[in-house]
Amino acid sequence: MKVEDLRVWYPKRKTFLGKVLEYTRAVDGVSFDVYAGETLGLVGESGCGKTTLGRALLRLTEPTGGRILFGGTDMAALSAGELKNLRRHIQLIFQDPYSSLNPRLTVGDAIAEVLKVHNVGDGRGVRQQVIELLEKVSLKAEHFDRYPHEFSGGQRQRIVIARALALRPSFIVCDESVSALDVSVQAQVLNLLNDLKKEFGFTVVFISHDLAVIRYISDRILVMNKGKIEEIGAAADVYDHPESAYTKRLIAAIPKGV
């Protein structure tokens with residue numbers, strides 16, 4: 001994926017007649033590349049624009065300007081039908097797994113729904129595919145018929161990961177996908193993502209405010225501040241030898257021993 005001068009601006013102040021006088025520049029002129037097969041960590045404090053950027057990459061938030069090229073295709077120029085076809089290749093793992101699952105659907109039906117919408121398999125074939133996905137994330141076949149409230153937070157996040165993998169995407173955005181979990185469960189989910197990435201070969205943009213998590217899982221790190229890129233580079237270089245004063249302050253704020 002190649003991002004060129006991406007902007008997401010929201011009207012902040014208008015005249016009585018509706019003319020915009022001032023914008024909130026959530027993402028402001030951001031350009032970078034995401035290389036095939038890598039994990040790019042996107043980090044910054046709350047309100048820096050990282051989640052807005054992640055959603056804009058998938059066109060869940062419409063950009064104000066700039067281009068997002070995925071495999072050479074400009075996503076901003078796609079129609080709704082073309083975008084639906086592209087969504088087979090790009091997926092999102094949300095921060096809160098419970099709110100991203102329909103409480104009225106069993107987890108098996110929630111994952112199967114993705115396959116049915118994109119006409120991938122049918123009947124018993126779909127059920128078997130879902131069971132295989134559940135097993136990939138260390139759940140069991142009998143979990144197919146259970147509801148989201150019957151699982152722990154870590155198990156629900158595994159279910160959401162299985163759903164994201166259902167279409168065998170090549171690109172996944174993880175939006176604070178371990179921040180709501182206990183530290184021990186975070187480690188399990190991060191290790192699971194790493195193992196699945198090796199098996200399926202997808203590319204990841206991993207969004208987090210936690211630099212320790214970002215350092216652990218990322219090949220490269222992109223640091224955001226006030227809608228702009230502060231610094232980007234190899235994970236070890238950014239973490240151990242930061243160039244930006246803002247990045248240095250973020251690292252200094254990490255609790256000792258982490």
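Predicted model: local features only at pLDDT ≥ 70, side-chain atom pairs only at ≥ 80, totals over all residues.
Biologist: What makes E1 and E4 paired strands?

Modeller: Strands here are DSSP runs of E of at least two residues, and helices are runs of H or I of at least four, both numbered from the N terminus; two strands pair if DSSP finds at least two bridges between them. Strand E1 (residues 2–14) and strand E4 (residues 65–70) share four bridges in the antiparallel sense, so they meet that definition. Val3 stands opposite Ile68 in E4.

Biologist: Which strands are called edge strands in the open sheet?

Modeller: The open sheet has four strands in the order E2-E1-E4-E5, with antiparallel pairing. Its edge strands are E2 (20–33) and E5 (73–74), each of which pairs on one side only.

Biologist: How do you know that E8 is largely enclosed?

Modeller: Buried means under 20% relative accessible area, against over 50% for exposed and partly exposed in between, with a 1.4 Å probe and protein chains only. Six of the six residues of strand E8 (residues 203–208) are buried, so the strand is largely enclosed by the rest of the structure. Both of its faces are covered, with Thr203, Val205 and Ile207 on one side and Val204, Phe206 and Ser208 on the other.

Biologist: Which strands pair with E8 in the parallel sense?

Modeller: Strand E3 (residues 39–43) pairs with E8 in the parallel sense over five bridges, and Leu40 stands opposite Val205 there. E7 and E8 also pair in the parallel sense over five bridges, with Phe171 opposite Thr203. Strand E7 (residues 171–175) pairs with E6 too, in the parallel sense over four bridges, and Cys174 in E7 is the bridge partner of Ile93.

Biologist: What makes the space lined by Arg87 and Val114 a pocket?

Modeller: On a 1 Å grid over the protein atoms alone, a pocket is an open set of points with protein on both sides within 12 Å along at least five of seven lines, whereas in a cavity a 1.4 Å probe fits but cannot get out; lining residues have an atom within 4 Å of a point. The largest pocket is lined by 17 residues, of which Arg87, Ile90, Gln91, Leu92 and Val114 lie nearest its centre. Helix H3 (107–117) is among the elements that each supply at least two lining residues, and H3 gives the most, with four.

Biologist: How do you know that E6 is covered on both faces?

Modeller: Ile90 and Leu92 on one side, and Gln91 and Ile93 on the other, are all buried.

Biologist: Why are there zero disulfides in the structure?

Modeller: A disulfide is a pair of cysteine sulfur atoms within 2.5 Å. The sulfur of Cys48 is 17 Å from the closest cysteine sulfur, in Cys174, and therefore too far for a bond. The structure accordingly holds zero disulfides.

Biologist: Why is Cys174 called buried?

Modeller: Cys174 counts as buried because its relative accessibility is 0%. Cys48, with a relative accessible area of 3%, is buried as well.

Definitions and conventions:
Residues numbered from 1 in each chain as written. Heavy atoms only, no water.
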